[in-house]
Amino acid sequence: MASSFVTSLNGGLALYVHIPFCARRCSYCAFNTYAGLGHLIPAYVDALCREITWVGRAAGRKLRLDTLYFGGGTPSLLSVEHLARILQAIRAVFDLRDSAEITLEANPRGLDAAYLAAIRGLGVTRLSLGAQSAHAGELALLGRRHDWADVAMAVRAARLVGFRNVNIDLIYGLPGQTLASWRESLAQAVALAPEHLSLYSLGIEAGTPLYRRIAAGKLAELDDDLAADMYEYATGYLAEAGFEQYEISNWARPGYACQHNLQYWRRLPYLGVGAGGYGFVEPVRYGTVDRPAEYVRLLADSLIDYLSPEQCNQQFPLSPAVDPAKVETVTPRQARAETVILGLRLVKEGVSRCDFERRFGLRLDECYGIELAGLAARGLVQCLDDRIVLTAQARLIANLVFREFV
Ligand code: SF4
């Protein structure tokens, strides 16, 4: 018997697997990840396989997975054997399509051809490299332990073993970064011919070493105007280089947009497993506990090995690792706002009036006519047939636009 949430799923799902381990912590990082806990990895992989089995069985039938994403943290810290076990657990309880996009985030240092060939052989189709900058000084500021030669070698090795889909992450808006150094990082990245580029503006999160250095006056404050110039430069440069911008921070060769992340921006359902994973099936959003040791304990305490599929069957969210404080039922009003905000992130696709009405039984203009008219009058959104999209100038101040819908 299928769990009740399953009946609400018509299309395929995305599955996110969180790997919360890093060799060391970068100076700007506020993600749920931990350095110095490598000894926990084997128990964590055991727990992850148990959680995947639980979630899959609880659904009552093999749910179709169109995308799978290993994020972190540093998923490439996992051995081939560990990744093989996790994928085996997933394939046992989910219908992981042969055509599925399977992404693995990786640290460029130490990615050798043997490792990459092995994970390619396991079915990983997309490699996402946290490159961040082509400059040693900027990488040192960020606390990254690789250099650009590592990035270039990782891309070469990935090509050699058959990866046809490689993403490179870069960060702009760093203290002390110049437009010239940003241009150089972009040029170096484009020279490696990736299919996809993600460009992130540095966020200074409270509690990080970088935040403390800036607060203590040891580093310059970020220059927002310069960061805006960097973004504008990238937009023009990447268009000339043949990349399509499909999201505020993401560019791809035609046909290489990240299908997994599109699922989030289109506000379609996804499941999340691992410590600090997040999932969403309308109208419920949930997260699992953050701390790896607690996660391992919760999964060790669960009775999964002894339960039949029917006994596993329970209300969504399904996992024993769910943190009750992170379970939220999204109201219809929130759902409509999220649909517009996430849709506007997709700079070409935008928000479809027809899709909005089909989802909510209300016309977009009934809900946000005044806000949209005001934004259009200020030149921040435009109508293209059925779709509403951000204008190019609004992409730089998207958060101000989004506030109109909250
Ligand atoms: S590698 Fe990524 S997840 Fe790990 S500490 Fe650095 S920024 Fe954070």
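Start with strand β8 (residues 196–201): 6 bridges join β7 to β8, and the two run parallel. Helices (H or I, at least four residues) and strands (E, at least two) are DSSP runs, numbered from the N terminus. Two strands pair if DSSP finds at least two bridges between them. The model on screen is predicted, so local features need pLDDT of at least 70 and side-chain atom pairs count only at pLDDT 80 or more, while totals for chains, interfaces and linings use all residues. Residues are numbered from 1 along each chain as its sequence is written, and side-chain values use heavy atoms, with hydrogens and water left out.

**Around β7**

Select L170, which stands opposite L199 in β8. Next trace the chain from β7 through helix α6 (residues 179–191) to β8, a right-handed β-α-β crossover. Right-handed here means that, with the strands pointing away from the viewer, the path from the first strand over the helix to the second runs clockwise.

Then select strand β6 (residues 126–132), which pairs with β7 in the parallel sense over 5 bridges. At L129, look across to I168 in β7, its bridge partner.

Now show the side chains of β7 (residues 166–172). Are they buried or exposed? The strand is mostly covered, with 7 of its 7 residues buried. Buried means under 20% relative accessible area, exposed over 50%, and partly exposed in between (1.4 Å probe, protein chains only). V166, I168, L170 and Y172 point one way, N167, D169 and I171 the other way, and all are buried.

Move on to A193, in the loop between α6 and β8. A193 has a positive phi of about 55 degrees although it is not a glycine. With a relative accessible area of 40%, A193 is partly exposed.

**The ligand**

Select the ligand and the residues around it: C22, R24, R25, C26, Y28, C29, F31, T33, G73, T74 and R144.

A cis peptide bond joins G72 and G73, with omega about 15 degrees. For another cis peptide bond, go to E282 and P283, where omega is about 5 degrees. P283 sits in the loop between β12 (278–281) and β13 (284–287).

**The three-stranded sheet**

Select β15, β17 and β16. These 3 strands form an open sheet in the order β15-β17-β16, with antiparallel pairing. β15 (351–352) and β16 (381–384) stand at the edges, each with a single partner strand, so one side of each is left without a neighbour in the sheet.

β16 and strand β17 (residues 387–390) pair over 4 bridges in the antiparallel sense. Find Q382, which stands opposite V389 in β17. In the loop between β16 and β17 is D385. Its phi is near 55 degrees, a positive value in a residue other than glycine. D385 counts as exposed, at 74% relative accessibility.

**Cysteines**

Finally, how many disulfides does a search of the whole structure find? The search finds 0, a disulfide being a pair of cysteine sulfur atoms within 2.5 Å. For C367, the nearest cysteine sulfur is that of C354, 14 Å away. End at C49, which counts as buried at 10% relative accessibility.

Technical notes. Near = heavy atom within 4 Å.
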